[in-house]
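Please keep the sequence and the model at hand while reading.

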Amino acid sequence: MGILTEFPEMGRADLRDFKKGIDETFRLFTREYGESIENFFYPLLKFLGWFERLIVATPWPLMILILSGLVWAGSRSWGLVFGTIFTLLVVGYLGMWEDTMFTLALISVATMLCIIIGIPLGILMSKSDRTQSVITPILDIMQTIPSFVYLIPILMLLGIGKVPGLIAVCIYAIPPVVRLTNLGIRLVDKDVLEAADAFGASPRQKLWTVQMPLALPNIFAGVNQTIMMALAMVVVAALIGVHGLGQEVLKAVNNQYLALGMMNGLAIVAIAIVFDRVSQKFGKRLQKHSEVIHG
Amino acid sequence: MRNLLATTTLLFGLAATGAVAAECGDITMAEFNWASGELMANVDKLILEEGYGCNVDLVIGGTTAIFASMNEKGTPQIAGEQWVNALRELLDPALAEGRLHAVNTAPIMGLGEGWWIPPYTKEAHPELVTVLDWIEHPELFPSAEDPSKGAFVGCPAGWGCQHVNLNLFKAFDMEAKGWVLVNPGSAAGLDGSIAKANEREENWLGYYWSPTSIIGKYNMQAVPWGVEYAGNEHWDTCISQEECTDPQQTSWIQSEVFTIVTDEFMQSGGEINDYLAARVFPGDVMGAMLVFMADEQAAGEDAAIEFLIEYEDLWTTWVSEDVAAKVKAAL
């Protein structure tokens, strides 16, 4: 009867050796390759550091002007532009300007990185069912594994700071852009592709002039989701020493500072809403554009 | 006369055992959610259960949660490793009013907070001894984000020690000397940065506290301050506060750990309180046990058994021969 109520476990000593073995292997790996991996990411660190300093050093009126210009370029909506200006003024007035800029820098670089890696990956997935069947489960893992779990190896490899924070953010935020790029290309109408074939388009021409433009609305939905998920990771990134709003939220959690937590949390929400609305509007405009051409 | 004495002793003896047997049914005890707290709680639990016949229920929690619960609700009844510095304003009145009692004011020896360096860093620079010497050499500790500066790893945002480190950073004029204060973000971040530095033999200077497995494991060395302690008043009103306009150079305040019990347990606990008062872990023993726990990834209970086996000479001095024999039999 015992065998049914007690699960046949591996045994305490074996299990411990098993765990220690894994830890030891990883430790040897860090000792061997840690430094080269760190060097590999050094340009990224330089870039992020430079970008952050640039954004923080820019005078605030200029920064508001640039940001509202970007919002206008993306959305063509005066309502959104004024909303953005108002939000930034409130955030600044409440003493969160610098932290908000740090967070903005991290999110922008993280989004760029995710797009640079994510879109080609999505294209690869759309080209072959086998690639798709390999990458999809990996994306599932990246989205569902608790982020604290991969913080440990990232810490051991890269220490604390911006780059490890950036990587932690991207692990969580990259799946939507990959998935939706793949989906967008796969959803392109077969008839349109046949027409392209009939005109003698090379695979490269087909991809860049037919599939990508038609998939853009989907890809943009993916980028939008990636930005949202990156913002959700701001507090987790703060756990490994990334500056910004997340740091203040952590401080609030550790000390039960209700107001501080709320203010910084809402500042993150405000950035998220601006990003979301602008990228959605932009996505919609892309769609209209394509409807006119192909519709 | 002799007869009378014998009878009295016998009566007292009986009364004492009677009291314990009657009261020592169920005890609730705090198990602090860090390694040394876990170990101490489990050692206490094993000794009280096997040696004194109690039935111990462990309540897991952190410093403030456990303290609040003991102070307000009277449960758990015993907290083995209560760190005092952070709670002094709450703990002092509770002790003065007699709601709580400190039965042991130093259950672990050789503990404290401060600034630490890895052993190989210390070995490589025998000429540098105190904090005052080390802070003249930021070039030995290049920051990852700006290698022209020295990285001093402080305390995670929101911890009490954050203000202390920032104020000492200012008091020792470290910014002008070419240092940056790095915020590790969390305990995991701080541990990770020490582990990473040690695995690659990189120099590291920063805040930590002992006894902890990471200090024991990497044999981290506390850096002596080279300056006197500036006194409780300056510490309490300036160094440990966010608003401190003129921080003075000072060594770190002496850390205190108490074993505290509730008033009700003080009255009813009998010889268990004597045990708690006698139970003192020397710093090196605690350090070695913490390394064991980290290396073997052992939970509190396994570590407690290991401790009782390895350090029999130590713990048998805490209890009577009778109790020791019972615990040994149970092992």
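## A helix pair in chain A

In chain A, helix H10 (residues 175-186) and helix H12 (residues 203-232) have axes that come within 7 Å and cross at roughly 160 degrees. The axes are lines fitted to C-alpha atoms, for helices over the stretch in contact, and the angles run from 0 to 180 degrees between N-to-C directions. H10(A) and H12(A) are therefore roughly antiparallel to each other, a term for angles over 145 degrees. The passage of H10(A) across H12(A) is a right-handed crossing, in which the near helix is turned clockwise from the far one by less than a right angle. Helices (H or I, at least four residues) and strands (E, at least two) are DSSP runs, numbered from the N terminus.

On the H10(A) side, the residues that meet H12(A) include Pro176(A), Val177(A), Leu180(A) and Leu183(A). Among their partners in H12(A) are Ala215(A), Ile219(A), Val223(A) and Met229(A). Contact requires C-beta atoms, placed from the backbone, to lie within 7 Å. By class, the contact of H10(A) with H12(A) has 10 nonpolar, 7 polar and 1 charged residues. Here Ala, Val, Leu, Ile, Met, Phe, Trp, Tyr, Cys and Pro count as nonpolar, Asp, Glu, Lys and Arg as charged, and the others, Gly among them, as polar.

## Basis of the model

This is a predicted model, in which local features need pLDDT of at least 70 and side-chain atom pairs count only at pLDDT 80 or more, while totals for chains, interfaces and linings use all residues. Residues are numbered from 1 along each chain as its sequence is written, and chains are lettered from A and ligands numbered from 1 in the order in which they are written.

## Chain A as a whole

Chain A contains 15 helices and 0 strands. Its C-alpha atoms fill a box of roughly 70 × 55 × 45 Å, taken along the principal axes.

Of the 295 residues in chain A, 36% are buried; a residue is buried if 20 or more other C-beta atoms lie within 10 Å of its own, exposed if 12 or fewer, and partly exposed in between. Among contacts in chain A between residues at least 6 apart in sequence, 76% join residues at least 24 apart.

## Where the chains meet

The contact between the chains takes 28 residues from chain A and 20 residues from chain B. Helix H8 (residues 187-199) of chain B supplies the largest share of the chain B side, with 7 residues. By class, that side of chain B has 7 nonpolar, 8 polar and 5 charged residues.

## A covered strand in chain B

Strand E4 (residues 100-104) of chain B is mostly covered, with 4 of its 5 residues buried. E4(B) runs antiparallel to strand E10 (residues 257-262) of chain B, and 4 bridges join them; strands pair if DSSP finds at least two bridges between them. In this pairing, His101(B) stands opposite Val261(B).

## Backbone details in chain B

Most residues other than glycine have a negative phi, and most peptide bonds are trans. The bond from Thr75(B) to Pro76(B) is cis, with omega near -10 degrees, and Pro76(B) lies in the loop between helix H3 (63-73) and strand E3 (78-83). Another cis peptide bond joins Ser210(B) and Pro211(B), with omega about 5 degrees.

Glu201(B), although not a glycine, has a positive phi of about 55 degrees. Glu201(B) lies in the loop between H8 and E8 of chain B and counts as exposed, with 12 C-beta neighbours inside 10 Å.

Terms used: Angles under 35 degrees count as roughly parallel, over 145 as roughly antiparallel, 65 to 115 as roughly perpendicular and the rest as oblique. Two residues are in contact if their C-beta atoms, placed from the backbone, lie within 7 Å.
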